[in-house]
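Visitor: Hi, I'm new to this one. Could you put it up and walk me through it?

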Amino acid sequence: MNADSTLKKAPRSTATNLLYLLYSLSSYVIFLLTFLYLIGFLGALSVPKNIDSGEYRHWLVATAIDVALITLFAVQHSVMARESVKKKMSRIIPVPIERATYVLCSSLALILLFILWHPIPTMVWSVQSEVLRALLNGLYWAGWGIALVATFLISHFELFGLKQAYPSLYKTQPEPLNFITPFLYKIVRHPMYLGFLIAFWATPAMSVGHLVFALTCTAYIFAGTHLEEKDMVRVFGKQYLAYQKQVGMLLPSRRKP
């Protein structure tokens, strides 16, 4: 479920609009590289530093630092998404690059987390069965796949700030938002968040550090989803209220109207 907007082209462009588009493209590339690094960071896959590598400190110190880093990301990610904050930002940040700036700030917050993360390598569980390890690794990739597919179902390039710069380049205005529930959104209201939850928890080797990450991010997802639900009700009203009654928030379900 999300907004579906169609844009109509107009012929002119300016240097300023080209700069907006370049800025948005740069923000998107940084996001994409950060997203790929996050997959490697959690899965310990060919990255310079993963969630269980780096300098080890006392678990209490490491936990405090790691939770603070996730909280910093969560605060930035939630506060900048609020409509009241967007209005204030629009006074200093042009509207066509407001979303791209949000995406860029989120990426920078994650990069800071990667750099300053402190591992807590003590193992909570370590699966030895090759079959179970393969199953958990498969779930890990399925989680990321669900999250990625969900973004394309609701306009991937609008979500990450590219589409907003494009209409600026062609001097167009988006048409009114439409309420849509394509594919995965008919099963769960927030499939992207569901995908993240699966990816955060599905691992054959769960360290304490990984557990801290998964628990803290899960708490943020529930809090962030609550805020997003309020925004959707405000925008779509009775349509979204009916949708809430029919489809589960984070656990797949489909109930009769």
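**A first look around**

Guide: Reading along the sequence, the protein chain runs β-α-α-α-α-β-α-α-α-β-α-β-α-α; helices (H or I, at least four residues) and strands (E, at least two) are DSSP runs, numbered from the N terminus. This is a predicted model, where local features need pLDDT of at least 70, side-chain atom pairs count only at pLDDT 80 or more, and totals for chains, interfaces and linings use all residues. Residues are numbered from 1 along each chain as its sequence is written, and side-chain values use heavy atoms, with hydrogens and water left out.

Visitor: How many helices and strands does the protein chain have?

Guide: There are 10 helices and 4 strands.

Visitor: And what share of the residues counts as buried?

Guide: Of the 257 residues in the protein chain, 45% are buried. Buried means under 20% relative accessible area, exposed over 50%, and partly exposed in between (1.4 Å probe, protein chains only).

Visitor: Is helix 8 enclosed or open?

Guide: Helix 8 (residues 191–201) is largely enclosed by the rest of the structure, because 9 of its 11 residues are buried. Among those buried residues are Pro191, Tyr193, Phe196 and Phe200.

Visitor: What covers the buried residues of helix 8?

Guide: The cover includes helix 1, helix 5, helix 6 (156–159), strand 4 (205–207) and helix 9 (208–236). Contact here means heavy atoms within 4.5 Å.

Visitor: What counts as a pocket, though?

Visitor: Which helix gives the largest share of the lining of the second largest pocket?

Guide: Helix 5, with 4 residues.

Visitor: Back to helix 1. What can you tell me about Gly40?

Guide: Gly40 is found in helix 1, and at 3% relative accessibility Gly40 counts as buried. Leaving aside neighbours within four places in sequence, Gly40 is in contact with Leu45, Val47 and Asn50. Gly40 and Ile51 are 11 residues apart in sequence and 9.0 Å apart in space, C-alpha to C-alpha.

Visitor: How about Asp231, buried or exposed?

Guide: Asp231 counts as buried, at 19% relative accessibility. Asp231 lies in helix 9 and, leaving aside neighbours within four places in sequence, is in contact with Ala81 and Arg82.

Visitor: How many disulfides are there?

Guide: The count is 0, taking a disulfide as a pair of cysteine sulfur atoms within 2.5 Å. Cys105 is partly exposed at 28% relative accessibility, whereas Cys217 is buried at 10%.

Visitor: Last one: where is Phe183?

Guide: Phe183 sits in the loop between strand 3 (179–180) and helix 8. Phe183 has a positive phi of about 45° although it is not a glycine, and at 53% relative accessibility Phe183 counts as exposed.
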